Amino acid sequence: MEQRMLGRTGRSVSVIGLGTWQLGADWGDVREEDALGVLRAAYDTGVRFFDTADVYGDGRSERLIGAFLRELGDHDVMVATKAGRRMPQVPEHYTLENLRAWTDRSRENLRVERLDLVQLHCPPSAVYESDAVFDALDVLVDEGRVASYGVSVETRAEALAAIARPNVASVQLILNMLRLAPLEAVLPAAAEANVGIIVRVPLASGLLSGKYDERTTFSEDDHRSYNREGKAFDIGETFAGVPFETGLEAVRRLAPLVPEGATMAQFALRWIIDQPGVSTVIPGARNVEQTRGNAAAAALAPLSSDALAGVEAIYDELIAPLVADRW
């Protein structure tokens with residue numbers, strides 16, 4: 001699989017990574033053996049970047065990855081985790097003491113001496129203005145607890161603030177065919193600053209898989225049920241903030257643009273890979289079949305200019321009026 005440098009980390013990563021939120025919680029139950037099967041399938045298909053967080057299943061996702069990497073032995077997988085959401089979201093909690101404790105817990109879960117990459121997990125906007133927070137992260141690097149650090153963001157303004165920090169190695173953001181706003185300013189700024197871009201929610205919580213319709217339902221413990229109005233966390237994390245029915249209509253219009261022999265999900269992932277400045281994209285998967293299907297997107301040819309223009313036209317008509325100014 002194609003490898004790209006992940007910004008200031010100095011590490012190369014596969015263009016298709018694996019997001020592991022669903023292996024921890026909030027996507028319905030995933031059995032341990034199924035979760036390990038997803039990790040094995042990802043590795044076998046060339047995936048060399050796993051993204052997790054300390055709050056995914058209260059550390060379950062990290063522990064599963066740690067168990068898999070121990071099973072694997074010597075490996076070339078880069079693991080990124082996130083920290084900061086184990087306490088109420090107020091800037092005062094982002095202290096060196098707390099950051100050290102959070103990262104130490106992740107080191108234990110992942111069974112490593114040093115974390116490859118730790119990302120602030122969509123912190124309050126005021127955190128981006130705090131020199132003390134980024135000084136604390138520098139201390140963790142100096143102490144050998146963390147190799148590199150980055151930020152997972154919700155908005156374009158937060159992304160640009162993170163990119164301006166001299167030691168931020170990467171920015172994780174939402175980018176997909178229903179969320180085009182970062183293309184205009186954020187990705188060029190990241191490329192100029194040598195900051196890696198990690199793309200999450202690439203399939204808009206499954207909307208861009210093309211497998212949903214108006215009759216689709218989700219279990220009560222799935223965020224696609226309980227967070228549609230943004231009651232649990234930022235609504236932009238669920239269906240990329242697009243109303244479900246509008247998203248379905250957009251997918252119907254996108255379907256004719258899918259290259260022959262590809263699935264809608266693979267088309268959506270290839271679209272992201274084709275955007276200048278993207279380092280890696282981290283679709284989630286609940287089973288081996290989804291994992292292998294996602295990885296296969298890296299083998300598709302770059303999309304045609306007509307397909308790219310078609311995506312933009314559908315976004316401008318249906319989606320931009322709803323989300324373009326929000327994130």
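**Strand pairing and helix packing in the predicted model**

Strand β7 (residues 146–152) and strand β8 run parallel and are joined by four bridges, helices (H or I, at least four residues) and strands (E, at least two) being DSSP runs numbered from the N terminus. The structure is a predicted model, in which local features need pLDDT of at least 70 and side-chain atom pairs count only at pLDDT 80 or more, whereas totals for chains, interfaces and linings use all residues. Residues are numbered from 1 along each chain as its sequence is written, and side-chain values use heavy atoms, with hydrogens and water left out.

Glycine 150 stands opposite serine 170 of β8. Two strands are taken to pair if DSSP finds at least two bridges between them, and on this basis an open sheet of eight strands is found, with parallel pairing and the order β3-β4-β5-β6-β7-β8-β9-β10. Its edge strands, each pairing on one side only, are β3 (18–19) and β10 (280–281). Within this sheet, strand β5 (residues 78–83) runs parallel to strand β6 (residues 115–121), to which four bridges join it, and the bridge partner of alanine 83 in β6 is leucine 120.

Strand β8 (residues 168–174) is largely enclosed by the rest of the structure, because seven of its seven residues are buried (under 20% relative accessible area, with exposed meaning over 50% and partly exposed in between, for a 1.4 Å probe and protein chains only). Glutamine 172 lies in this strand and is buried, with a relative accessible area of 1%. When residues up to four places away in sequence are not counted, glutamine 172 touches Asp51, Lys82, Gln119, Val151, Ser152, Val153, Ile198, Arg200 and Ile282, contact meaning heavy atoms within 4.5 Å. The C-alpha atoms of glutamine 172 and arginine 215, which are 43 residues apart along the chain, are separated by 32 Å.

Helix α4 (residues 96–110) packs against helix α5 (residues 131–142) at an angle of about 45 degrees, with the axes 9 Å apart; axes are lines fitted to C-alpha atoms, for helices over the stretch in contact, and angles run from 0 to 180 degrees between N-to-C directions. The angle makes α4 oblique to α5, since angles under 35 degrees count as roughly parallel, over 145 as roughly antiparallel, 65 to 115 as roughly perpendicular and the rest as oblique. In this packing, Leu96, Leu99, Arg100 and Thr103 of α4 meet Val133, Ala136, Leu137, Val139 and Leu140 of α5.
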